[in-house]
Amino acid sequence: MKRFFMLISFVLLAHLVSAQNTFRAKVFNDQTKAALKGATATIPDLKISISADTSGLLTIPNIPNGKFEIEITYVGFGKSEKVYSFPMQTPDQVLTINLEPSTGELAEVTVQTTRTNQNLRDIPTRVEALPLEELDEKSTMRPGDIKMLLGETTGIHVQQTSAVSGSASFRIQGLGSRYTQLLQDGMPLYAGFSGNLSLLQISPLDLRQVEFIKGSASTLYGGGAIAGLVNLISKVPEKEPELTFLLNGTSAKGADASGYYSQKWKHIGTTIFGSYNYNGAYDPSNTGLSAIPQTKRFTINPKVFLYMDEHNSGWFGVNTTYENRLGGDMQVISGQPDNVHQYFEQNKTFRFSTQLSFTHKIDEESKINFKNTIGYFDRDLAGPAFDFKGRQVSSYSEVNYVRNGEKASWVAGANLITDHFTAEPPQNSLSYNQVTIGTFVQNTYKANNWFSVESGLRLDINNPAPATPSSGLFILPRINALFKITDHLSSRIGGGLGYKMPSLFNDEVEQDDYVHIQPLNIGNTQAEQSYGLNGDLNYRSALGDEAFININQLYFSTRVDRPLILQSNSFINAPGYLNTQGAETNIKLVMDELVFYVGYTYTDTKTHFNGVSALQTLTPKNQLSFDATYEIEGSFRFGAESFYTGPQLLSDGTTGKDYVTFGLLVQKMWKHLDIFVNAENLTDQRQTKWGSIYTGSLTTPKFKNIYAPLDGVVVNAGIRIKLLNK
């Protein structure tokens, strides 16, 4: 009898052991396919709850036989609720679960600029991101370039640098464009001689995200990121193929045609972007000068992606752009110059660049990345009495190691930057060579659920070296802290050092067409060095089932010592410093299909030279924006927006007028087709309505600062065709 009971006990024990099942699943963002680290799985009947690891993997052991509902949740995403039967037909299978982002600002955003590919809310460095759904709207408003995309962002002011050829740059938090880095996929492509045309030669159609860091970002990206950086993240092949064409026409004689194709197979993928942009010379004010130049531009950008195995992947891309931009006297543009009508500005540019990225995944937490870009830029800037030609060959190479641990993440690496510029006679004395070698390390440490800190250190060596005290060697520390005060309230505070090597290229020289500029002696000129601080408060909350609110308040301050200024056509170090400080306010309210946004920027930028303080020119103190959008997802979108730009001090000592612009967008979407109509500047604000934009004669005009629109009301309409949309 004793043996019988022992046998029964063993049988029951074996049954119980066999009844303990394990549930395994990986959780991903349905839109970006990024793993959702920290997603939560709950079995209510068993009172079991577990979190996903850094790869998004959920593992729930000891589940008895039977049917159980498993809830999978992640902040800002819709919930997955499904009943599973245990034992499962394939017990060792790892399921794939995709969660859809919720409507509104609480949706998940994974950031690439900090190298760690973490959730936006978990990064101590303040990063702003425009995700794909917002870029989709911007691409219909201005399909040909990203000028509007940047200009509608708080803290960023787009400044037109030519009255007749449309060249533009952008300021972050009141600092000039030379203090900002523009990147694509983490690699600098547009700098120096190409900088002022970059905004006009990038289309938003093949972008999937745009990331902004405002304030010092020099630890990972080196000199030039004193004011911050803008990182343009390109689309990558997804599981479903995409073939999209966009056709657009404007009332300002413009036309755009672009196409994007992507497909991913098992071990290879591709994206191909191509566009043709045309604009006829446009003079809405009948001044005789082009507010929009005659423009013809071709772009082709193919990429190949390789997925060799689970540890190795990479991609290689080529970008080719040719543009002929002719502005000036309308009669000259039409081919009918005479003794009076002679003035023109012509930009002929050719850009060819390659991009290479390779990643070796060591394990679930560690990887090694290598990236390289080589760029060739040829520009011919011509006018009635000048012809400035130059070629710029630049390169950027980087290798870095990334480790994402549960408590700490590390990024360490080195990069090599080369810049070679050759100007043709008679300006060949402006030619230069510059090499920068940098090493960096950054640590993000999550002390607990409410406090994280990110610290970094960079060492740069520049050749040729600027004058003392730096002698080409720069040590750049940076630190940022994140405080999650409550589930709804968080705060970031941080700061760092930065520098900018002496350079010929800035907005003033661009406005002067490089005609009178004198060569720059780097060895006798000191580098500009900066000290920046910023802090913010961020409040996020759900207001019921379908309403969300996000309020962000930012304060910033940056000081730049010995800024380069142009004096008697030569660059010298100013005897003093430049200081900018201010605040940004962003409020976003989402109520089901309705989204309201209000943004305000206050900027106080002053020069302090020889003990005298003065306002910086072309920097409005106050900017206000309002946007309202009604959208039925996949069916209809209506948007209205308005922008106020305050008065600006001009270089001649006068003050430019403040102005308000207003715009409307209507878009109807079907499965394979979108139709859109967009109107900008319906209040017809034009600087030419308030006075002449030049002094002297029409034959040899001397242009004033351009601080307001010149093109007036512009309406564009078009279609987007999605042939492979399922």
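This is a predicted model: local features need pLDDT of at least 70, side-chain atom pairs count only at pLDDT 80 or more; totals for chains, interfaces and linings use all residues.
Visitor: Which residue is the bridge partner of Ala129 in strand 15?
Guide: That's Glu211. Numbering starts from 1 along each chain as its sequence is written, and side-chain values use heavy atoms, with hydrogens and water left out.

Visitor: Why do strand 10 and strand 14 count as edges?
Guide: Their open sheet has 5 strands in the order 10-15-16-13-14, with mixed pairing. Strand 10 (128-130) and strand 14 (187-188) each have a single partner strand, so one side of each is left without a neighbour in the sheet.

Visitor: How do you know that helix 2 packs on that sheet?
Guide: Helix 2 (residues 132-141) touches strand 10 and strand 15, where contact means heavy atoms within 4.5 Å. The direction of helix 2 makes about 105° with that of strand 15. The axes are lines fitted to C-alpha atoms, for helices over the stretch in contact, and angles run from 0 to 180 degrees between N-to-C directions.

Visitor: What is the order of the strands in the open sheet of 4 strands?
Guide: It's 3-2-5-6, with antiparallel pairing. Strand 3 (48-51) and strand 6 (80-86) are the edges here, because each has a single partner strand. From one strand to the next, the twist averages 25°. Strand 2 (residues 40-43) pairs with strand 3 over 4 bridges, and Ala41 has Ile50 as its partner in strand 3.

Visitor: Does strand 1 pair parallel or antiparallel with strand 7?
Guide: Parallel, over 5 bridges, and Val27 stands opposite Ile97 there.

Visitor: Why is Asn248 called buried?
Guide: Buried means under 20% relative accessible area, exposed over 50%, and partly exposed in between (1.4 Å probe, protein chains only). Asn248 comes out at 5%, so it's buried. Asn248 is in strand 17 (residues 242-250). Strand 17 forms a hairpin with strand 18, with 3 residues between them, and Lys253 in the turn has a positive phi of about 70°.

Visitor: What makes the link between Asn248 and Asn716 a polar contact?
Guide: The rule asks for a pair of N or O atoms within 3.5 Å; within protein, one must be able to donate a hydrogen and the other to accept it, and residues adjacent in sequence count only if both atoms are side-chain atoms. The side chains of Asn248 and Asn716 are joined at 2.9 Å, so the pair meets the cut-off. Beyond four places in sequence, Asn248 also contacts other residues, including Pro143 and Phe676.

Visitor: Why is the pair of Phe474 and Tyr499 called stacked?
Guide: Start with the rule: rings of Phe, Tyr and Trp (its six-membered ring) pair if their centres lie within 6.5 Å; planes under 30 degrees apart count as stacked, over 60 as edge-to-face and the rest as tilted. That gives 17 aromatic pairs. Tyr343 and Phe703 have ring centres 5.6 Å apart and planes at 55°, so that pair is tilted. For Phe474 and Tyr499 the centres are 3.8 Å apart and the planes at 5°, so they're stacked. Phe474 sits in strand 28 and Tyr499 in strand 29, so the pair ties together parts 25 residues apart in sequence.

Visitor: Are Phe474 and Tyr499 buried or exposed?
Guide: Buried: Phe474 has 2% relative accessibility, and Tyr499 has 2% as well.

Visitor: Where does pLDDT stay under 50?
Guide: Over residues 10-18, for which the model has 1 contact beyond four places in sequence. pLDDT is the predictor's confidence in each residue, from 0 to 100. The protein averages 90, and 95% of the residues score at least 70.

Conventions
Two strands pair if DSSP finds at least two bridges between them. Helices (H or I, at least four residues) and strands (E, at least two) are DSSP runs, numbered from the N terminus.
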